[in-house]
Amino acid sequence: MDTSSPSAFVNGSLMRRYIGQKVRTVIQVVGSDVGSVVGKSTDDLQIIVKGSPPTTTTPSTYLEVIGIAENENSIRAEVWTNFGNSFDPVNYNELCKLANGEFKHLFI
Amino acid sequence: MENSVTQDGIASLLSLDSSSVQPQIVVQVVDLKPVGNRYTFNANDGKMKIKAMLPATLTSEIVSGKIQNLGLIRLLHYTANDIPGKSGEKYLLVTKCEAVASALDSEIKSETKASTGIMLKPKQEFVAKSASQIINEQRGNAAPAARMAMTRRVHPLVSLNPYQGSWTIKVRVTNKGVLRTYKNARGEGCVFNVELTDEEGTQIQATMFNAAAKKFYDTFQKGKIYYISRGTLKLANKQFKTVQNDYEMTLNEYSEVEEAGSEEMFIPETKFNFVPIDELGPYVNQKELVDVIGVVQSVSPTMSIRRKSDNEMIPKRDIVLADETKKTVVVSLWSDLATELGQELLDMADKYPVIAIKSLKVGDFQGVSLSTISKSNVVVNPDIPEAAKLKSWYDSEGKETSMSAIGSGMSPSANNGSRSMYSDRVCLSHFTTNPSLGEDKPVFFSTRAYISFIKPDQAMWYRACKSCNKKVTEAMDSGYWCEGCQKKDEECSLRYIMTVKVSDSTGEAWFSAFNDEAEKMIGCTADELNVLKSEEGEGHEFQTKLKEATWSSHLFRVSVSQQEYNSEKRQRITVRGVAPVDFAAETRLLLQDISKNKKTSQ
């Protein structure tokens, strides 16, 4: 398993801790522009993802994005994965909190 | 209205002998505390205190606040028993009492205020007064014959316990079992039991073995009243409990049973504990019997059903009952209830009578169904408030409303299966670390696990009758014979019966699975798998099918019980339901677990 560039699990409010570093998060697509996708994080904050998304960016689809956090609400994406329509954002949000809180030692 | 205790009440109670009638005493309840489902307290009369116990039947009065700690109660019926192991010290077993006053400010001590209630009178007068008081209260205008019963001190069934030696009870035999013979390691014997009910409606089961059985079998007749003494009591075996009583009675050859001549015993109104039709779900296929009350919407003609065990034809009639929950349920009446009562109901069907039935078995036919058994008791248009309420509801709105059958929303596998996949959730380690689970009666759990191994060379299925699913035997000529249906069929179906090994992060276990559940685990029917197994050529398809089933995860509903194998007790885990894993739901469970562990470690 390639652990050369680990990415931290973040939601909207945790992004600011990792500015300039690699992060991963899941957003729900709200809209898309040329070269960027606007989405809602699992804690209901707005995230802008720069890069070329896969073809299916219909609103309300969930996308996982791995990339560098440019500032506290935008990511320059390197990898995109379509997570479909049935995804539980609450569970993911709890995961982010635990992975950056008391169980941080298990992750990065 | 009394506001204080009977002076020297406890002293006078302790100095009584067993033949004189009990005075009614007012005492203060102190140190009230629950022990199991009963309450214990100290009875205080200002001068003395004595330990006392209230039966489980009065627990509701305490919980509702009628009987309070530091409050006053009047003891109506009680016995003073020696505390086993502590000679000299007695305790009061209170069987009847009434609340007199709510909690006082504090414990009453020696300097009591003058009581305005019961004044202490000379003992003899008191006793005489109480005797007539009791007779008047309990019997009203009693005929002389009834007073004769008072000379023999009759104990209420609710007061009996293993520590009290001499008692006499007056009971009606409400049910009598058959005389059965048995053979066990110690030899042969015969046994029968009777269900006894006393005036207060309390019931107890009495069993007689061998000599006692032979002696009393003809004496006891259903419906007759008897005085019984010199029996022994012990804690009831929960597995075989048929009546609501913590104890059960055994009579031996020295027990005394005397028919209560021409005396009439007031038949207590059959104590019903009604379950509304829409609440019958949890009782399906459980041992517990239920009582229901409802309006008869329809009565079917009599049908004749063949009993599988002895091929006898038994009459049956189905009636549909409806109640205020706007649900209906089918009740199957069997034997005499079908022929006689069923005909009565059919005749009055256009009047939509209300019937109350006690002791019904709850089955899962069409979701939920009710069935009468030998001890079921049916009362047509009973004179109880619930019946009146039902009748007026039906006449005003019930007749018009469209109701749905209780079973329709509830297919046992679909709804109940998925709902119960999240209750009583455990890991496999729960089974491995508790080898004696399910000792008394089977315990149910849900768990999430992976099938880790299916032995390819086990007997995975049995030959089953196409109609009743029971095992069939190969007939001499050709085809298969079903003992239950008493017929031969050229073909049979194969039904799964197998054990699989399952694993999770905490351990592993062996589960037994029957047809429906195994089908979900393997992904095809036993007949189909058999075809794959016996296929010519590569023969790999069978192995592949098993491989595909291995390392798949499922949610399981299981029951755990104990089985004896060559006098060794072994844990047996049986799969009752299989459902696919819902990852979002499982994640929520895990999150809950994590926060629970956090709380306990803080």
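Predicted model: local features only at pLDDT ≥ 70, side-chain atom pairs only at ≥ 80, totals over all residues.
View 1. Chain B holds 13 helices and 29 strands, taken as DSSP runs numbered from the N terminus (helices H or I, at least four residues; strands E, at least two). Of its 602 residues, 42% count as buried, meaning under 20% relative accessible area, with exposed over 50% and partly exposed in between (1.4 Å probe, protein chains only).

Residues are numbered from 1 along each chain as its sequence is written, and chains are lettered from A in the order in which they are written. Local features need pLDDT of at least 70, side-chain atom pairs count only at pLDDT 80 or more, totals for chains, interfaces and linings use all residues, and side-chain values use heavy atoms, with hydrogens and water left out.

**View 2. Where chain A meets chain B.** Here six residues of chain A are in contact with six of chain B. Together the two chains bury about 500 Å², with 62% of that on carbon and sulfur atoms; buried area is the accessible area (1.4 Å probe) that two parts lose on being put together, summed over both. Asn91(A), Leu98(A) and Glu102(A) supply 68% of what chain A buries against chain B. The rule picks out two salt bridges across this interface, each a side-chain nitrogen of Lys or Arg within 4 Å of a carboxyl oxygen of Asp or Glu. Look for Glu102(A) with Lys598(B), at 2.9 Å from N to O.

**View 3. A strand-to-strand pair in chain A.** Glu78(A) forms a salt bridge with Lys22(A), and their closest N and O atoms are 3.5 Å apart. Glu78(A) sits in strand β6 (residues 74-84) and Lys22(A) in strand β2 (residues 22-33), so the pair ties together parts 56 residues apart in sequence. Glu78(A) is partly exposed, at 48% relative accessibility.

**View 4. Glu98(B) and Arg74(B).** This salt bridge brings the closest N and O atoms to 2.4 Å. Glu98(B) belongs to strand β5 (residues 86-101) and Arg74(B) to strand β4 (residues 72-83), 24 residues apart. Glu98(B) is partly exposed at 32%, while Arg74(B) is buried at 15%.

**View 5. A loop-to-loop pair in chain B.** Lys466(B) and Glu491(B) meet in a salt bridge at 2.9 Å, N to O. Lys466(B) lies in the loop between β22 (461-464) and β23 (473-474), and Glu491(B) in the loop between β25 (487-489) and β26 (493-504). Both count as partly exposed, Lys466(B) at 45% and Glu491(B) at 48%.

Technical notes
Contact = heavy atoms within 4.5 Å.
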